[in-house]
Amino acid sequence: MDKNSVKNPFIVGKYLSDRYFCDRSNETEFLRKQIQNGRDVAIISPRRMGKSGLIHHLFNQSDIQQQYHVFYIDIYSTTSLAEFVYVLGKEIYNQLKPQPTVWRERFFQVISSLRVGFKLDTMTGAPSFDIGLGDIEVPQTTLDEIFNYINEADKPCIIAIDEFQQIGEYAEKNVEALLRTKIQRCNKAQFIFSGSKRHVMSNMFNSPSKPFYQSTISMSLDPIPVETYADFAIGLFQENGRQLTRETVETVWNRYDGFTWFVQMTMNELFAMTEPGGLCDQQMVAEAYRHVVMTQENSYKDILSHIAPKQKMVLQAIAKAGKAANITSAKFIKEHRLGSASTIQSAVKLLLKNDLITQENGVYRVYDYFFAEWLANVY
């Protein structure tokens, strides 16, 4: 994309190009090495740390594009094998559609159960993929056909499945074993499994009782070092005729513990607030926080409307603490007027299940840093 068409270089929620992607050179090279040596990879890291961005960055490398077909699916919102099959089939077709290859032409020949979704645009005559979940009558059959199709590919494939732990929540109970069998027999593809629920992902790939046991090379993502991100951010400001102090970047990075999405979102707002030729310094940070948090207010109110009063109280208590340890102690209960320890334990269990809080080494925090700030200061 032409840099002149990008009004704000701090891209949020999507990947554009190397130009707007910060570092991760070691992680990219690690992924490349594993894939080129025929090893599947499990990326296990919290949400908002940049897993999907890293995968898209790998896929954007010229050697990867030349040597492989690449496919990325996010299954976070899927709840069944039929939905999994739907998003996988649609991604494969959409990626191949612009490519005039024999392999593309064979899509509906091999995956015959999806032929009902083959349509021709009445205006252009171009083929399209128009199918609903109800059209996938026997998901396992369609999955078999998709893997057969992949094995006929004209060059190797890389298939990235984001939020892979979601398959453990499907109504069908044999999905892990089913996918493991299909993947073992798939000679034309390497797989990247990424997930944010670390204990679930670790169990899937490291427990001897699980189908995917020792089937991948595992990697985790740590925050981009503050010095590296500061150089990146200062450089983008300078390229666009603005100045940014290093102290400002460090303040933002520290506030969000280096979690990529929250840091990037705040820098996006700071850039928008800085006039061409102007200076962005620490005096602007508080206003940027307020702007970003308040744009999410309606969604935060909606979240609260769907959880029980006791859960709200525990959630707000954790938000006010920032990082909360010993949450069933008499001191914490008294300070936040939470009632009994058993009530807290029940609330915490549900908050963890719904990804509203996270826990590491007995320390809890609200998963969404912006939500935490809103709860602590506004609600």
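Reader: What is the volume of the largest pocket?

Author: The model is predicted. Its largest pocket is lined by 30 residues. Among those nearest the centre are G13 and W261. The space in this pocket comes to about 720 Å³.

Reader: How many residues in the lining of the second largest pocket are charged?

Author: The second largest pocket has a volume of about 510 Å³. Its lining has 17 residues, and K197, H199, L352, K353 and D355 are the closest to the centre. By class, 4 lining residues are nonpolar and 7 are polar. The charged ones number 6.

Reader: Which strands stand at the edges of the open sheet of 3 strands?

Author: The order is β10-β12-β11, with antiparallel pairing. An edge strand here has a single partner strand, so one side is left without a neighbour in the sheet. The strands at the edges are β10 (324-325) and β11.

Reader: What is the bridge partner of A325 in β12?

Author: β10 pairs with β12 (residues 363-366) in the antiparallel sense. This pairing runs over 2 bridges. In β12, the partner of A325 is V363.

Reader: Which helix lies across β10, β11 and β12?

Author: The helix covers residues 309-321. It runs at about 100° to β12. The helix is α15.

Definitions and conventions: Residues are numbered from 1 along each chain as its sequence is written. This is a predicted model: local features need pLDDT of at least 70, side-chain atom pairs count only at pLDDT 80 or more; totals for chains, interfaces and linings use all residues. Side-chain values use heavy atoms; hydrogens and water are left out. On a 1 Å grid over the protein atoms alone, a cavity is a set of points where a 1.4 Å probe fits but cannot get out, and a pocket is an open set with protein on both sides within 12 Å along at least five of seven lines; lining residues have an atom within 4 Å of a point. Grid points are joined across faces, edges and corners, and a volume is the space filled by probe spheres set on the points. Ala, Val, Leu, Ile, Met, Phe, Trp, Tyr, Cys and Pro count as nonpolar, Asp, Glu, Lys and Arg as charged, and the others, Gly among them, as polar. Two strands pair if DSSP finds at least two bridges between them. Helices (H or I, at least four residues) and strands (E, at least two) are DSSP runs, numbered from the N terminus. Contact means heavy atoms within 4.5 Å. Axes are lines fitted to C-alpha atoms, for helices over the stretch in contact, and angles run from 0 to 180 degrees between N-to-C directions.
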